[in-house]
Amino acid sequence: GALGLGDDGAAFARSSPTQVGAETIWSKAAGGQWFSMALKTDGTVWAWGKNDSGQVGDGTITNRNSPVQVGALTTWSDIASSYHAAFAIKTDGTMWSWGRNNYGQLGLGNTTYYSSPVQIGALTTWSKLAAGASQGHRMALKTDGTIWTWGYNNVGQLGHGNTTYRSSPIQVGALTTWLEVACGRYSSFAIKTDGTLYAWGYNYWGMLGLGNTTNYSSPVQVGALTTWSKVASGGNFTIAIKTDGTIWTIGGYNAQGQLGQGDTTHRSSPVQIGALTTWSKVASGGNFTGVTKTDGTLWAWGAGNQGQLGQGNTTNYSSPVQV
């Protein structure tokens, strides 16, 4: 029921965009592993799909094939979801989590699963979340420009110079100039206010964009450019947009064409995708990417085996195709 269309199973899969219900007040959406969540303009959060770890957040572990409200609050402002876990920030700056917690990825100082939202600490200064394709680590920004991580840390993806797991948020370094964050499966990415891009964690396929396949447990700058504006990471690859509207493969695994270069060659350094300067937003799943242009069109590439590219088929595409 991960699509929220009131049905279950492969017989009801969709390979073209299908509206979820008839409401027109949705403002933000996030997809996890076999479940989804969304934020409405009235400040309520809704979720649906697989619920074996309580990731839907309705106080049960019952799968939901249609959207159900998470609690009754109308003060949610941001959401993020990942592998069987969900996160949200309220308008008061508090951060909350629920779902799977086997590595301490909920940030609650323990490894207990929760099926309803639980506040992470007592701070009221959280501003932005990243969970993405991660299977066990999380990132968040505070209003003071600091970056914090917690959860699984087998290859240094938390950025603390070690491989120690953390079940509560720990600050990465001492800088107060972080602007954007993104989680890959076992890697992390961040952009500073000066437009520089940093990466750390797992790098076997070169997804950190550092020209090698070495793992790093602390942030390392990707090249010398100061024009990065947005970054997204899938399972083992990374895509980013510059301030000039160009879009780039940072690096990584490319067997299904997820780097958008028209081939299936793995890369470990940034390469531009096409020549257009009209890209505005980017989001990556496990092995595919979706991007919007400034004209409001939606484009996708990578693995399409489950219809995830919205093309009405199950074909892989190694270059951007319009949805």
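The model is predicted, with local features requiring pLDDT of at least 70 and side-chain atom pairs pLDDT 80 or more, while totals for chains, interfaces and linings use all residues. Residues are numbered from 1 along each chain as its sequence is written, and side-chain values use heavy atoms, without hydrogens and water.

Gln258 lies in the loop that runs between strand E19 (247–252) and strand E20 (271–272). Strands (E, at least two residues) and helices (H or I, at least four) are DSSP runs numbered from the N terminus. Neighbours within four places in sequence aside, Gln258 contacts Phe237, Ile239, Tyr253, Asn287, Thr289, Trp301 and Gly302, a contact being heavy atoms within 4.5 Å. A polar atom of the Gln258 side chain is 2.7 Å from the backbone nitrogen of Gln256. Between the C-alpha atoms of Gln258 and Ala30, 228 residues apart along the chain, the separation is 20 Å.

The chain contains 24 strands and 0 helices. Its radius of gyration is 18 Å, close to the 20 Å given by the globule rule for 323 residues, so the chain is as compact as a globular protein of that length; the radius is taken over C-alpha atoms, and the rule is 2.2 Å times the number of residues to the power 0.38. The C-alpha trace spans about 45 × 45 × 30 Å along its principal axes. Of the 323 residues, 48% count as buried. Among contacts between residues at least 6 apart in sequence, 46% join residues at least 24 apart.

Conventions
A polar contact is a pair of N or O atoms within 3.5 Å; within protein, one must be able to donate a hydrogen and the other to accept it, and residues adjacent in sequence count only if both atoms are side-chain atoms. Buried means under 20% relative accessible area, exposed over 50%, partly exposed in between (1.4 Å probe, protein chains only).
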